[in-house]
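Morning, everyone. Please have a look at the model on the screen, and then we'll walk through it piece by piece.

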Amino acid sequence: MKRTTKVAIGAAWTVAFAAAVAATRRLSESGATDVPLSARADAAEEGGIDGDAFLTHLAEAIRLPTVAFEERERNDPQEILAVHEYLRSTYPLVHERCTVETINDLSLLITWGGTDRDADPLLLMAHMDVVPIEPGTEDGWDFEPFAGTVANGFLWGRGTIDDKGPLIAIMEATEHLMRAGFEPERTVIISFGHDEEIGGAQGAGLVADTLIERDIRPWLVIDEGGGVMDEFPPLTDRSVALVKTAEKGFIDVKLTATGEGGHSSVPPSESTIGALAVAIQQLETHQMPARVRILEPMFAALAPHVDPKMRPILTNLKFTGPIVERMNAGSPIANAGIRTTTAVTIVSGGVKSNVLPQEAFAIVNFRILPGDTIQDVLDHVRKVVGPDITIEPHGEMRVEPSLVSSTESDAWNVLATSIEESFPEAIVTPWTLTAATDSRYFAAFSGDVYGFAPFTGSDGEFARIHGTGERVRTSDAGRAVSFFCRLMRNAC
Ligand SMILES: [Zn+2]
């Protein structure tokens with residue numbers, strides 16, 4: 001998808017939103033926006049933080065290639081155990097003072113007991129596994145993906161942002177606070193999953209079960225799912241700290257058309273493939289309804305910082321909603337932000353050119369916006385495709401959309417303040433993630449669940465996550481650690 005550069009001011013939010021979700025899409029990159037920003041970074045750091053240590057340790061963690069393949073039998077548990085061992089030798093105070101447990105042998109649950117046993121804990125999350133390098137893309141990396149090279153103002157490697165950067169920052173911050181003599185009132189729990197990239201069910205899913213068994217209900221959960229965008233064109237040229245307050249759900253639906261079959265020399269008026277094609281076409285024409293007002297919290301945060309002429313559009317969605325909806329419909333990324341999306345991903349029918357297939361099927365992937373449910377999707381499909389097509393949920397992965405966490409609670413204020421202290425140039429803004437993270441396992445029994453990684457980037461840089469040339473800016477090293485220090489100090 002190409003990045004739109006010529007946009008009428010009226011379509012501003014479309015582009016802004018597109019920029020916001022660039023983490024999940026590859027947009028074209030401009031070299032100009034890839035220049036590291038070190039402005040005000042020093043002032044944003046807690047005293048005594050060693051950014052170089054963070055970079056050294058992150059580079060060493062990148063060199064432990066914890067790739068998670070979809071086929072679980074391909075994954076070597078020794079790779080994850082090497083991370084355990086690395087953390088043990090690198091962060092001695094954490095391992096001396098905390099209860100460190102393994103869950104299902106490979107995920108880590110670390111508890112730093114607070115002095116106030118009645119206070120619900122702060123939960124810091126990350127994951128140890130990374131996605132593979134897509135075969136054929138190796139040559140696109142300027143530096144070897146598992147070498148942990150520092151060059152040109154960046155630390156390069158698979159997992160630098162997703163998600164070993166946050167993981168190492170959490171460990172550095174915890175060790176730093178212990179060295180500094182900080183004693184939390186509120187208990188701090190750290191959860192590092194080992195299979196997030198393949199669903200998380202064997203890792204964070206079981207960590208969540210463990211907390212439920214112990215009747216532990218985190219007050220604030222912070223996981224991946226956000227970051228600091230350098231700019232938000234053309235709404236604002238200030239940087240924007242996107243904090244995930246919700247994430248979309250997921251279901252695959254199988255559509256099946258059945259018929260008589262027989263010889264192709266005497267075809268019926270409608271074949272199974274023809275009936276299936278009509279059903280697919282109907283689903284693409286009749287989309288799930290848009291709910292533009294889900295953007296209200298994001299627009300409320302941005303409104304004070306945009307061109308005054310834009311403000312009424314952002315702050316009156318009750319009336320401007322239809323215009324915003326039309327605008328967003330023109331961009332797949334923006335459209336995904338305001339509705340449950342419909343994507344036909346597999347179609348199959350027929351084996352021989354002179355045989356009428358008795359069955360044809362398609363798989364349709366829905367990403368469910370908070371406010372809709374899996375049942376709403378099934379009801380919608382039923383209504384749209386009519387009674388002659390069989391529909392059923394397909395595959396094992398079925399995820400309801402998350403609850404939407406508050407932007408007015410004490411937990412939000414603690415998080416927003418910690419971000420502002422570490423990234424004073426950024427506007428803190430809630431948003432909905434179109435992908436799923438491990439934190440969804442904790443949503444049902446926790447207070448507010450948010451996603452934020454303390455790293456800055458252009459839209460092109462965030463598009464490197466799961467892609468080619470993933471990297472973090474070395475100028476972010478100190479304040480990535482500072483952010484987690486401040487969060488623990490402010491929350492605990
Ligand atoms: Zn991740």
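Let's start with strand 9, residues 239–247. Of its 9 residues, 9 are buried, so strand 9 is largely enclosed by the rest of the structure. Buried means under 20% relative accessible area, exposed means over 50%, and partly exposed is in between, with a 1.4 Å probe and protein chains only. Strands here are DSSP runs of E with at least two residues, helices are runs of H or I with at least four, and both are numbered from the N terminus.

A word on the source. This is a predicted model, where local features need pLDDT of at least 70 and side-chain atom pairs count only at pLDDT 80 or more, while totals for chains, interfaces and linings use all residues. Residues are numbered from 1 along each chain as its sequence is written, and side-chain values use heavy atoms, leaving out hydrogens and water.

Back to strand 9. Which strands pair with strand 9? Strand 8, residues 227–229, pairs with strand 9 in the antiparallel sense, over 3 bridges. Val228 stands opposite Ala241 there. Strand 16, residues 426–433, pairs with strand 9 in the parallel sense, over 8 bridges. There, Leu242 stands opposite Thr429. To count as a pair, two strands need at least two bridges between them in DSSP. In general, strands of a sheet pair through backbone hydrogen bonds, either parallel or antiparallel.

Gly249 stands opposite Ile368.

The order is 4-5-19, with antiparallel pairing. Strand 4 is joined to strand 5, residues 154–156, by 3 bridges. Thr149 has Trp156 as its bridge partner.

Follow the chain on from strand 5. The loop between strand 5 and helix 5 (164–179) holds Asp163. The peptide bond from Asp162 to Asp163 is cis, with omega near 10°.

Now for some other loop residues. Asn104 is not a glycine, yet it has a positive phi of about 55°. Asn104 is in the loop between strand 1 (99–103) and strand 2 (107–112). Its relative accessibility is 36%, so Asn104 counts as partly exposed. Asp215 also is not a glycine, and has a positive phi of about 60°. Find Asp215 in the loop between helix 6 (204–213) and strand 7. Asp215 is exposed, at 55% relative accessible area.

That brings us to strand 7, residues 220–223. Strand 7 runs parallel to strand 17, residues 448–451, with 4 bridges joining them. Ile222 has Tyr450 as its bridge partner. Which way do the residues of strand 17 point? Asp448 and Tyr450 point one way, Val449 and Gly451 the other way, and all are buried.

Ile222 is among the residues that line the second largest cavity, together with Met125, Asp223, Glu224 and Phe484. A cavity is a set of points on a 1 Å grid over the protein atoms alone, where a 1.4 Å probe fits but cannot get out; lining residues have an atom within 4 Å of a point. The whole structure has 2 cavities of 30 Å³ or more.

Last stop, helix 15, residues 477–491. Of its 15 residues, 13 are buried, so helix 15 is largely enclosed by the rest of the structure.

Methods:
On a 1 Å grid over the protein atoms alone, a cavity is a set of points where a 1.4 Å probe fits but cannot get out, and a pocket is an open set with protein on both sides within 12 Å along at least five of seven lines; lining residues have an atom within 4 Å of a point. Grid points are joined across faces, edges and corners, and a volume is the space filled by probe spheres set on the points.
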